[in-house]
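Here is a set of questions and answers on one protein model. Keep the structure open while you read.

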Amino acid sequence: MDFAGPDAAAFLQGYATADLDHLEPGRALPMALCNLKGRVIANGWAAGESNHVRLLVHPSVVPILAGELGKYLLFAKSKLSEAQTGVRLSPVASSDAFELPPVGHYATLSTPDEGHAAFANACAETGFVLVTEAIAGSFLPQMIGLTDVGAVNFAKGCYLGQEVVARAEHRGQVKQQLRRYGFEGEGPAVGADVMAGPKKIGTVVAVGGGVVLAAVRSDDSPVLADKCPMAIRSVT
């Protein structure tokens with residue numbers, strides 16, 4: 001998604017969890033966008049400059065994000081549009097790419113899209129949850145590890161949902177935490193239940209090559225409930 005106009009970065013500063021005053025060439029900022037309840041509706045990276053900011057988010061949350069931010073753009077001097085080019089994702093840097101920390105990949109504007117499967121695996125291995133429609137609006141940043149990967153700046157000013165996010169951080173605990181598991185067989189879907197016996201204790205939030213990230217209440221022998229039979233083992 002693209003924000004273009006004289007106050008593009010200034011407008012987004014009031015909604016993104018990252019401090020957009022730190023935008024720099026060649027490097028994107030991990031960030032999230034929350035609703036009033038502090039739940040993450042989209043996340044990914046912000047790149048660009050003060051008058052043109054591109055948000056790299058999962059395609060499935062673009063309509064959600066557009067609907068949420070569109071309510072406030074009436075008072076901005078910038079416009080929101082869906083990007084007209086795709087993104088090539090690669091672990092190899094190039095002169096026109098920007099870095100996506102902490103995943104160890106680089107993004108370049110490109111059509112068609114490339115490298116997304118390998119990138120999803122890298123995100124899961126790194127512990128970076130990229131929110132999709134299946135889990136949008138369900139979790140505080142802390143519940144899916146976004147504070148651990150530098151996507152939330154607690155020194156910046158206010159943003160939508162900031163009071164709830166800051167209160168959770170001050171208390172030092174949230175109801176769910178991100179856990180990482182290895183699996184054998186076919187992986188579960190994002191949004192699948194994590195079970196302890198008959199009780200649901202969490203939700204799958206990301207799946208990569210042999211790795212599942214789940215937001216769970218505890219790590220007591222969880223089993224992933226999904227249509228596909230599978231075996232799972234804890235790796236952390």
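**Salt bridges, sheet and pocket**

Q: Is Lys200 buried, partly exposed or exposed?
A: This is a predicted model. Buried needs under 20% relative accessible area, and exposed needs over 50%. Lys200 has a relative accessible area of 45%, so Lys200 is partly exposed.

Q: With which residue does Lys200 form a salt bridge?
A: The closest N and O atoms of the pair are 3.3 Å apart. The cut-off for a salt bridge is 4 Å.

Q: How many salt bridges does a search of the whole structure find?
A: A search of the whole structure finds six.

Q: How many residues apart in sequence are the parts that Asp2 and Arg54 tie together?
A: Asp2 lies in strand β1 (residues 2-4) and Arg54 in strand β4 (residues 52-57), so the pair ties together parts that are apart in sequence by 52 residues.

Q: Is Arg54 buried or exposed?
A: The limit for buried is under 20% relative accessible area. Arg54 has a relative accessible area of 11%, so Arg54 is buried.

Q: Which strands stand at the edges of the five-stranded open sheet?
A: The order is β2-β3-β4-β1-β5, with antiparallel pairing. Each edge strand has a single partner strand, so one side of each is left without a neighbour in the sheet. The edge strands are β2 (29-34) and β5 (79-81).

Q: Which residue of β5 is the bridge partner of Asp2?
A: β1 and β5 run antiparallel. Three bridges join them. In β5, the bridge partner of Asp2 is Ser81.

Q: Is His105 buried or exposed?
A: His105 lies in strand β8 (residues 105-110). His105 touches Leu89, Phe98, Phe119 and Ala122, among others. In α3, the buried residues include Phe119 and Ala122. At 7% relative accessibility, under the 20% limit, His105 counts as buried.

Q: What volume does the largest pocket have?
A: The lining holds 29 residues. Val57, His58, Pro59, His116 and Leu130 lie nearest the centre of the pocket. The volume of the largest pocket is about 700 Å³.

Q: Which element gives the largest share of the lining of the largest pocket?
A: The elements that give two or more residues to the lining are β4, β6 (86-90), α3 and β11 (199-208). The largest share is five residues. That share comes from α3.

Technical notes
Residues numbered from 1 in each chain as written. Predicted model: local features only at pLDDT ≥ 70, side-chain atom pairs only at ≥ 80, totals over all residues. Heavy atoms only, no water. Salt bridge = Lys/Arg side-chain N within 4 Å of Asp/Glu carboxyl O. Helix = DSSP H or I, 4+ residues; strand = E, 2+ residues; numbered from the N terminus. Buried < 20%, exposed > 50% of the residue type's maximum accessible area, 1.4 Å probe, protein only. Pairing = 2+ DSSP bridges. Contact = heavy atoms within 4.5 Å. 1 Å grid on protein atoms, 1.4 Å probe; cavity = no way out; pocket = protein on both sides within 12 Å on 5 of 7 lines; lining within 4 Å. Points joined across faces, edges and corners; volume = space filled by probe spheres on them. Lists of a residue's contacts leave out its neighbours within four places in sequence.
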